[in-house]
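I am opening a notebook on this structure. The entries follow the order in which I looked things up.

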Amino acid sequence: MSKENENKYQIYIKSEKRWEPVTEEFHKNYFREIDTFRHKQQRNGCCTCTRSKWWLCDMNCEECEFRRAGNLLSLEAEMATDEGSTTLSDTIPDEAADIEEAIMLIDTIDALNEELNRLDPESRRICELIMDGKSERESAQILGIPRSTYKRHWSKLKADLYEKLKDYI
């Protein structure tokens, strides 16, 4: 390779404000990485460097005069969804609501347990069989009563529990 072709390729050292002669291969490899990075930044609206100033790019965007905010999102930016539009802040779960719901659930469970402990043995057994996933027919058979009697007891038991726990439901 002649001296003339060797000096044809240069890179600008921004920190030293000078041009450095390099080989063609080094030049291509050096700018391949920079070009890829710059194009990505330009697609995202972060780089506004014009073609005539690309030689200044050293991938140090924080100090670059062509740097822009780009596609930064605000928590209040509207987004289209299947249900309409929403904001990012609407999609962040509110932990305070979870804590309140958990406290309410604990109170409900405590009240239910209290009421279940007050039940007569037959009513308590009906609840146990239901919680075990037994059908009406199986439960009536286990209790040794007709299915219609079981249904009447269960219906009355549900109504009583609903009345006692209506503040929690």
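**Entry 1: an aromatic cluster**

I began with Phe31, which has a relative accessibility of 14% and so counts as buried, the cut-off for buried being under 20%. I then looked up Tyr30, which at 25% relative accessibility counts as partly exposed. I note that the model is a predicted one.

I searched the whole structure for aromatic pairs and got 3. For Tyr30 and Phe31, the ring centres are 5.0 Å apart and the planes stand at 90 degrees, so I logged the pair as edge-to-face. The angle cut-off for that class is over 60 degrees. I also noted that ring pairs join Phe26, Tyr30 and Phe31 into a cluster.

**Entry 2: overall layout**

I counted 7 helices and 4 strands in the protein. Along the sequence I read their order as α-β-β-α-β-β-α-α-α-α-α. The protein has 169 residues, and 20% of them count as buried. I took the contacts between residues at least 6 apart in sequence and found that 26% of these join residues at least 24 apart.

Lys17 sits in the loop between strand E1 (10–13) and strand E2 (18–21). Its relative accessibility is 66%, so I marked Lys17 as exposed.

Next I looked up Cys46, placed in the loop between helix H2 (24–43) and strand E3 (78–81). Cys46 counts as buried because its relative accessibility is 19%. I then checked Cys46 against Arg67, 21 residues apart from it along the chain, and the C-alpha atoms are separated by 5.7 Å.

**Entry 3: Ser139**

I moved on to helix H6 (residues 136–143), where Ser139 is found. Is Ser139 buried or exposed? Its relative accessibility is 0%, so Ser139 counts as buried. Leaving out residues up to four places away in sequence, I listed Leu129, Lys134 and Tyr150 as the residues that Ser139 touches.

**Entry 4: H5 against H6**

For packed helices I record the angle between the axes and the distance between them. Helix H5 (residues 121–131) packs with H6 at an angle of about 140 degrees, and their axes are 10 Å apart. The crossing in which H5 passes H6 is right-handed.

On the H5 side, the contact is made by Arg125, Ile126 and Leu129, and on the H6 side by Ser139, Ile142 and Leu143. I sorted the residues of this contact by class and got 4 nonpolar, 1 polar and 1 charged.

**Entry 5: H6 against H7**

I then took H6 with helix H7 (residues 147–164), for which the packing angle is about 105 degrees and the axes are 9 Å apart. That angle makes H6 roughly perpendicular to H7.

Which residues make the contact? I listed Glu136, Arg137, Ser139, Ala140 and Leu143 from H6, together with Arg147, Tyr150 and Lys151 from H7. The contact of H6 with H7 has 3 nonpolar, 1 polar and 4 charged residues.

I looked at Lys151 separately, as a residue of helix H7. At 40% relative accessibility, Lys151 counts as partly exposed. The C-alpha atoms of Lys151 and Ala140 are separated by 8.5 Å, the two residues being 11 residues apart along the chain.

**Entry 6: H5 against H7**

The last pair I looked up was H5 and H7. Their packing angle is about 95 degrees, and the axes are 10 Å apart. I therefore recorded H5 and H7 as roughly perpendicular to each other.

H5 contributes Glu122, Ser123, Ile126, Cys127 and Ile130 to the contact, and H7 contributes Tyr150, His153, Trp154, Leu157 and Leu161. By class, I have 7 nonpolar, 2 polar and 1 charged residues for the contact of H5 with H7.

Notes:
Residues are numbered from 1 along each chain as its sequence is written. This is a predicted model: local features need pLDDT of at least 70, side-chain atom pairs count only at pLDDT 80 or more; totals for chains, interfaces and linings use all residues. Side-chain values use heavy atoms; hydrogens and water are left out. Helices (H or I, at least four residues) and strands (E, at least two) are DSSP runs, numbered from the N terminus. Buried means under 20% relative accessible area, exposed over 50%, partly exposed in between (1.4 Å probe, protein chains only). Contact means heavy atoms within 4.5 Å. Axes are lines fitted to C-alpha atoms, for helices over the stretch in contact, and angles run from 0 to 180 degrees between N-to-C directions. A crossing is left-handed if the near helix is turned anticlockwise from the far one by less than a right angle, and right-handed if clockwise. Ala, Val, Leu, Ile, Met, Phe, Trp, Tyr, Cys and Pro count as nonpolar, Asp, Glu, Lys and Arg as charged, and the others, Gly among them, as polar. Rings of Phe, Tyr and Trp (its six-membered ring) pair if their centres lie within 6.5 Å; planes under 30 degrees apart count as stacked, over 60 as edge-to-face and the rest as tilted. Angles under 35 degrees count as roughly parallel, over 145 as roughly antiparallel, 65 to 115 as roughly perpendicular and the rest as oblique.
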